[in-house]
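Here are my notes on the model, as numbered points. Have the structure open while you read.

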Amino acid sequence: MDTLARIRQLAGQEFSIPAEGLDAQAPLDALGIDSLSFIEFMFKIEEEFGVSVSDEELKSIRTLADLERHVEASLKAR
């Protein structure tokens with residue numbers, strides 16, 4: 001499974017949204033994901049992929065596609 005597919009699957013589970021209905025390019029708030037819920041979701045992403053996201057980096061993540069790019073970059077930097 002690719003990174004974006006796994007992120008979509010985890011987001012679908014976390015936010016009770018069908019994963020196939022999650023537009024990776026849509027702003028998170030348009031998907032009904034508020035900032036507190038997203039921070040809690042980030043803990044799961046960090047655990048799942050073994051990456052960390054700083055508070056500063058978190059500010060630049062506005063879509064699931066942004067999150068996927070960050071995770072991929074972190075994995076490659078290892």
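1. The buried residues of helix 1 pack against helix 2 and helix 4, contact here being heavy atoms within 4.5 Å. Those buried residues are T3, R6, I7, L10, A11, G12 and F15; buried means under 20% relative accessible area, exposed over 50%, and partly exposed in between, with a 1.4 Å probe and protein chains only. Helices are DSSP runs of H or I, at least four residues, numbered from the N terminus.

2. A word on provenance: this is a predicted model, where local features need pLDDT of at least 70 and side-chain atom pairs count only at pLDDT 80 or more, while totals for chains, interfaces and linings use all residues. Residues are numbered from 1 along each chain as its sequence is written, and side-chain values use heavy atoms, with hydrogens and water left out.

3. The length of helix 1 checks out: at 1.5 Å a residue its 13 residues should span 18 Å, and the end C-alpha atoms are 18 Å apart, which agrees. The expected span is 1.5 Å times one less than the number of residues. At the start of helix 1, a side-chain oxygen of D2 comes to within 3.2 Å of the backbone nitrogen of L4.

4. S16 has a positive phi of about 55 degrees although it is not a glycine. Most residues other than glycine have a negative phi. S16 sits in the loop between helix 1 and helix 2 and, at 67% relative accessibility, counts as exposed.

5. D23 is in that loop between helix 1 and helix 2 too, and is partly exposed at 43% relative accessibility. Its side chain reaches the backbone nitrogen of Q25 at 2.9 Å. That is a polar contact, a pair of N or O atoms within 3.5 Å; within protein, one must be able to donate a hydrogen and the other to accept it, and residues adjacent in sequence count only if both atoms are side-chain atoms.

6. Which residues of helix 2 are buried? They are F38, F41, M42, I45, E46 and F49. Seen down the helix axis, they fall within an arc of 150 degrees, so they line one face of helix 2; the arc is taken from the directions from the axis to the C-beta atoms. L36, F43 and E47 are exposed on the other side. The cover over the buried residues includes helix 1 (3-15), helix 3 (55-59) and helix 4 (64-76).

7. The ends of helix 2 deserve a glance. D34 caps the N-terminal end, with a side-chain oxygen 3.2 Å from the backbone nitrogen of L36. Just after helix 2, G50 takes a positive phi of about 70 degrees.

8. T63, in the loop between helix 3 and helix 4, counts as buried at 9% relative accessibility. A polar atom of the T63 side chain lies 2.9 Å from the backbone nitrogen of D66. Not counting residues up to four places away in sequence, T63 touches A24, Q25, A26, P27 and L28.

9. Finally, the largest pocket is lined by P27, L28, D29, I33, D34, S35, F38, I39, L58, K59, I61 and R62. Helix 2 and helix 3 are the elements that give two or more residues to the lining, and helix 2 has the largest share, three residues.

Conventions: 1 Å grid on protein atoms, 1.4 Å probe; cavity = no way out; pocket = protein on both sides within 12 Å on 5 of 7 lines; lining within 4 Å.
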